[in-house]
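Trainee: Before we go through this model, I would like each term set against its definition. Where do we start?

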Amino acid sequence: MSKIKTARRVSLPPLEAGQVWRMPEMNLQVGMVGKLLVHYKLAKPDAVRIPNSCSGITTVEKYLKKNRAVLVKA
């Protein structure tokens, strides 16, 4: 019998205020984290004005996984 390798799932650390996530073309800076929602800023690294956005925690986590974000600053 051959052994079947299982894929390891890499879990992201929980979202906290002040985190900066780097993606290939964008940075996501977490502002506030509530029970269900996250306030964040999503923009290019050299942007001058960055609008605030608000989304659900699960939505932001899926977005970070999909875009292979790396935690730069905790």
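Mentor: With contact, which means heavy atoms within 4.5 Å. The model is predicted. Among contacts in the protein with a separation of 6 or more, 31% come from residues 24 or more positions apart.

Trainee: What makes β2 and β3 a pair?

Mentor: Pairing requires at least two bridges between two strands. Six bridges join β2 (residues 27-33) to β3 (residues 37-43), so the two strands pair under that rule. They run antiparallel, and Q29 has K41 in β3 as its bridge partner.

Trainee: Why are β4 and β5 said to stand at the edges?

Mentor: The order in this open sheet of five strands is β4-β3-β2-β1-β5, with antiparallel pairing. β4 (52-56) and β5 (70-73) each have a single partner strand, so one side of each lacks a neighbour in the sheet. On average, neighbouring strands of this sheet are turned by 35 degrees against each other, direction ignored.

Trainee: How do you know that helix α1 packs on the sheet?

Mentor: Helix α1 (residues 57-66) touches β1 (20-22), β2, β3 and β4. The direction of α1 makes about 100 degrees with that of β4. From the N terminus on, the elements run β-β-β-β-α-β.

Trainee: What radius of gyration does the protein have, and what would a compact globule of 74 residues have?

Mentor: The protein has 15 Å, whereas such a globule would have a radius near 11 Å. The C-alpha atoms fill a box of roughly 60 × 30 × 20 Å along the principal axes.

Trainee: What percentage of the residues count as buried?

Mentor: The cut-off is under 20% relative accessible area, and 22% of the 74 residues count as buried.

Definitions and conventions: Residues numbered from 1 in each chain as written. Predicted model: local features only at pLDDT ≥ 70, side-chain atom pairs only at ≥ 80, totals over all residues. Heavy atoms only, no water. Helix = DSSP H or I, 4+ residues; strand = E, 2+ residues; numbered from the N terminus. Axes fitted to C-alpha atoms, helices over the stretch in contact; angles between N-to-C directions. Rg over C-alpha atoms; globule rule 2.2 N^0.38 Å. Buried < 20%, exposed > 50% of the residue type's maximum accessible area, 1.4 Å probe, protein only.
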